[in-house]
Amino acid sequence: MSVMPAESAQTRTQRYARRRSEILDVASDLINVQGTRSMTLTAVAKALGLDTSSVTYYFKRKDVLAAACLERTLLWLRDAALTSAAHPDARSRVKAFLNEQFELHRRQRDPTVARLALLSDMRALDAEARAPLDLLYADMFRVVRDFFDFDEGPGARSRSLISAAVLVQNIHWIPAWLDRYLDRDLDRAGARLFDVLDRGLGVGRSWPVHLAPLEEGDGGDAQTRFLHAATNLINRESYAGASVEKIAAELGVSTGSFYHHLDNKDDLVVACFDRTHALLDAAQARADASGRDEGERLAIMASSLVALQLAGESPLLRTNAYQALPLDLRGRMLKRTDQVARHIAGTIADGIADGSMRAVDPEIAGHAVMATIDAAGMLRRWAERRPLDSAVKLFAGVVQSGIF
């Protein structure tokens with residue numbers, strides 16, 4: 001009788017790697033649609049036609065699987081940055097890095113190609129699972145910061161930090177708008193985004209900087225204090241990680257005090273988003289009332305919001321807060337954010353017409369401005385060490401003159 005040959009170690013290794021990759025592919029899709037906390041081992045197993053124990057053979061717990069999905073994305077992003085860093089100058093490095101992103105999004109439009117997990121929900125992981133991911137992210141960011149070969153001297157390190165933050169945040173923001181473009185237009189979209197980052201929107205004359213607060217300072221009623229505490233916590237730990245207990249602890253009050261002022265966490269989160277959009281409206285209203293042309297209006301709006309991001313009692317909610325929201329709430333909040341980006345695009349289109357801004361793609365530029373304002377929230381510690389006016393002028397100057 002014949003004896004079947006034993007499976008080779010190489011075959012077993014290949015089969016293990018293939019199944020592990022399939023699990024990561026499915027889990028990444030679920031993270032992108034439902035958020036990290038809603039991705040479950042059971043759902044992954046069901047999508048693959050397996051029982052849950054088959055998934056736990058590869059990943060013992062859900063947080064281990066989620067961390068592996070995010071690690072895969074970060075490794076790709078770091079490798080793309082390292083590849084781009086080999087180019088000879090700052091502009092060619094940034095252009096190569098952007099091209100890598102757009103090529104990735106092009107490939108991932110093919111339904112047979114696995115999608116990488118979005119990083120926006122990384123803060124939902126607990127501290128232990130997130131620690132190695134934070135190190136990977138920091139490593140990637142250092143590589144991107146080194147793209148910028150500014151001359152050594154006063155302000156050089158600050159300029160490279162700001163430019164890297166703006167570039168990386170624009171990379172994260174691309175999925176918010178790229179699905180509106182046909183495959184044949186992706187190269188054009190990438191070139192237009194590079195053009196905005198490269199040269200900014202200004203036409204050579206000085207733009208005004210406004211620092212006046214958009215909301216009242218210290219104090220306020222109890223609900224306002226909860227809004228500030230919740231916004232800061234959600235920005236650090238995402239919607240899923242910001243529990244009622246943590247929000248109350250942030251203020252040094254009991255959970256009973258929380259429920260005395262607010263009905264539930266979701267109502268508070270909606271109120272935080274309402275505050276963010278009200279501040280965006282306030283900045284736009286200030287700009288409309290003070291600017292002499294559309295270029296000045298954009299400058300006033302952007303600098304007012306950057307000042308809030310760098311030194312306000314709490315900044316705007318970061319875009320990473322959206323991913324973990326329940327789907328219906330996420331859709332509502334993203335729609336409102338898109339409306340703000342379209343308003344900015346309209347301002348830019350009018351500025352091109354009145355000669356106060358150079359000719360760019362208004363819609364892509366509108367999203368680039370939104371991403372730049374969002375990036376300012378990353379640099380609050382940097383801003384603490386310098387006068388607010390100089391910090392805002394340096395950061396907001398990217399909108400006018402670009403990242404180089």
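Q: Leaving aside its neighbours within four places in sequence, which residues is Trp177 in contact with?
A: We are looking at a predicted model, where local features need pLDDT of at least 70, side-chain atom pairs count only at pLDDT 80 or more, and totals for chains, interfaces and linings use all residues. Residues are numbered from 1 along each chain as its sequence is written, and side-chain values use heavy atoms, with hydrogens and water left out. With contact taken as heavy atoms within 4.5 Å, the partners of Trp177 are Phe102, Ala189, Leu193, Ile364 and His367.

Q: How many residues apart are Tyr16 and Tyr58, the two members of an aromatic pair?
A: Nine aromatic pairs turn up in the whole structure, counting Phe, Tyr and Trp (six-membered) rings with centres within 6.5 Å: stacked under 30 degrees, edge-to-face over 60, tilted for the rest. Tyr16 and Tyr58 form a tilted one, at 4.8 Å centre to centre and 35° between the planes. Tyr16 sits in helix α1 (residues 9-34), while Tyr58 is in the loop between α3 (52-56) and α4 (62-85), a separation of 42 residues.

Q: Which of these two tyrosines counts as buried?
A: Tyr16 has a relative accessible area of 34%, so it is partly exposed. At 17%, the one that counts as buried is Tyr58.

Q: Why is the pair of Phe148 and Phe404 said to tie together separate parts of the chain?
A: Their ring centres lie 5.8 Å apart with the planes at 45°, so this pair is tilted. Phe148 is buried at 6% relative accessibility, whereas Phe404 is partly exposed at 22%. The reason lies in their places: Phe148 is in the loop between α6 (127-145) and α7 (156-173), and Phe404 is in the segment after α17 (388-401), so the parts are apart in sequence by 256 residues.

Q: Is His277 buried or exposed?
A: His277 has its place in helix α12. Leaving aside its neighbours within four places in sequence, His277 is in contact with Tyr322, Met333, Arg336, Thr337 and Val340. Its relative accessible area is 2%, so His277 is buried.

Q: Where does Gly202 lie?
A: Leaving aside its neighbours within four places in sequence, Gly202 is in contact with Trp207, Arg358, Val399 and Gln400. With a relative accessible area of 13%, Gly202 is buried. Its place is the loop between α8 (186-199) and α9 (222-241).

How values were computed:
Helices (H or I, at least four residues) and strands (E, at least two) are DSSP runs, numbered from the N terminus. Buried means under 20% relative accessible area, exposed over 50%, partly exposed in between (1.4 Å probe, protein chains only).
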